[in-house]
Amino acid sequence: MARFRRRTCIILSLFILLICSLMMALKTLRPDRAVFGDPFGLDLLPELRQHTVHLETKPGMSNGARDDSITNIKNIKSIAVNSLKVPVMAEMNMEELPAPNYNLHAFYYSWYGNPQFDGKYLHWNHPILPHWDPQIAKNYPEGNHIPPDDIGSNFYPELGTYSSRDPYIIETHMKQMRSASIGVIALSWYPRGLADKEGESTDELVPSILDNAHKYNLKVTFHIEPYKNRDDHSMHKIIKYIIDKYGSHPAFYRYKTKTGRVLPMFYVYDSYFTKPETWANLLTASGPLSVRNTPYDGLFIALLVEERHKQEIQRSGFDGIYTYFATNGFSYGSSHHNWAVLKAFCDSNSLLFIPSVGPGYIDINIRPWNNHNTRNRINGKYFETAFSAALQVQPDAISITSFNEWHEGTQIEKAVPKRTELTVYLDYQPHKPVMADSSSPCLGFTWQRY
């Protein structure tokens with residue numbers, strides 16, 4: 001009998017050890033040097049196979065407005081201490097909110113709509129995207145999501161199927177970002193009259209976003225999307241338009257470079273689809289459409305996906321690179337282990353390096369065939385790992401993918417549990433949608449956990 005008990009104890013101990021080992025393995029996330037497991041690879045990136053929704057100093061400016069917009073580069077290390085402490089979102093005075101960190105940029109989307117404000121749903125009813133291989137596509141459902149209970153996301157927003165035009169929503173978003181010490185909103189932007197194929201033009205929302213951002217002492221930079229026929233000529237026009245129309249607003253973001261210049265910053269999504277020679281016409285001093293050393297000069301940040309894009313970005317005349325994607329291992333640029341090499345390249349070529357970190361990734365409610373690119377949030381550990389990797393290379397700023405890109409599950413906006421007959425949405429439990437948790441060893445973001 002004693003031998004039987006001893007054997008049982010040994011088997012139980014081995015079983016507990018196995019469970020502990022599995023838990024530790026999960027916490028390591030995907031191996032940092034993971035490669036693409038199938039021909040999928042970069043084909044998921046927007047427009048490489050098909051056009052899909054993106055896995056989406058003005059003269060006379062007053063010195064006061066200019067000084068108010070300057071980024072303090074020396075404060076980048078403070079991100080690790082205070083940037084992401086999130087107080088409970090009750091009614092609070094501005095004095096109770098943490099200071100914004102202007103080296104922390106969050107990608108923000110104003111493309112959502114509902115019948116009350118827009119006459120119809122926009123983006124919440126996102127279609128289920130077919131795989132490019134017909135043999136694979138036939139194994140998955142088709143059609144559009146049907147809000148409000150069925151939406152194109154694996155999470156459900158606390159604010160419901162909101163409209164980005166709703167003034168209450170805009171202010172609530174600004175308050176959430178300020179509560180997280182985010183200092184800069186990287187606003188997804190299309191020129192007037194243009195939009196992605198699931199939404200409508202949103203340029204008219206920019207004044208309200210700027211005003212509400214200023215109320216919370218935030219800044220707004222423009223994340224220029226790949227609009228139809230984007231080239232050097234059209235970009236010259238829209239840069240002039242943005243600076244002329246919005247450049248004098250106190251919330252318009254300007255960045256102080258190491259050389260002392262104070263310039264507006266523009267993120268350029270899918271920049272690699274335009275030839276370097278075309279960009280050089282706009283972004284080099286000798287280009288026929290050059291904005292350099294004119295009132296429309298700026299810091300233009302290119303998206304780096306593949307390793308070869310380094311040299312193309314340099315030839316194009318860009319001022320820096322960002323990596324956007326929140327999936328570690330998905331692309332060369334989004335792989336954390338490549339950031340030290342990218343930072344060294346940027347340093348040696350006088351470029352800014354702005355790595356993008358995210359809380360996780362899941363898009364199977366719009367790409368049901370893409371489960372292998374899901375990155376579990378692991379109770380916030382995934383985000384902490386990404387932030388640690390970014391801070392280790394001492395970047396010029398850090399971008400967050402994203403505040404509210406709900407389709408891809410990269411949002412840090414507040415989410416709530418929701419269950420329907422057909423869907424059980426992910427949530428952040430056992431954590432609340434927002435917590436004043438300053439005990440986290442890496443920045444305290446607790447909205448994004450599940």
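Predicted model: local features only at pLDDT ≥ 70, side-chain atom pairs only at ≥ 80, totals over all residues.
1. Burial of E5. Strand E5 spans residues 262-268, and seven of its seven residues are buried, so the strand is largely enclosed by the rest of the structure. Buried here means under 20% relative accessible area.

2. Pairing with E3. Strand E3 (residues 219-224) runs parallel to E5, and three bridges join the two.

3. Pairing with E4. Strand E4 (residues 254-256) is also joined to E5 by three bridges, but here the strands run antiparallel. Lys256 has Val262 of E5 as its bridge partner. The two strands form a hairpin with five residues between them. Within the turn, Gly260 has a positive phi of about 95 degrees.

4. Pairing with E6. Four bridges link E5 to strand E6 (residues 299-303), in the parallel sense. In this pairing Tyr267 stands opposite Ile301. Between E5 and E6 the chain passes through helix H9 (residues 276-283), giving a right-handed β-α-β crossover.

5. The largest pocket. Its volume is about 460 Å³. The lining comprises 23 residues, and those nearest the centre are Thr257, Leu299, Asp319, Ser350 and Leu351. By residue class, the lining divides into eight nonpolar, eight polar and seven charged residues. Leu299, one of the residues nearest the pocket centre, falls in the range of strand E6, residues 299-303.

Note on methods:
Residues numbered from 1 in each chain as written. Heavy atoms only, no water. 1 Å grid on protein atoms, 1.4 Å probe; cavity = no way out; pocket = protein on both sides within 12 Å on 5 of 7 lines; lining within 4 Å. Points joined across faces, edges and corners; volume = space filled by probe spheres on them. Nonpolar A, V, L, I, M, F, W, Y, C, P; charged D, E, K, R; others polar. Buried < 20%, exposed > 50% of the residue type's maximum accessible area, 1.4 Å probe, protein only. Pairing = 2+ DSSP bridges. Right-handed = clockwise from strand over helix to strand, strands pointing away.
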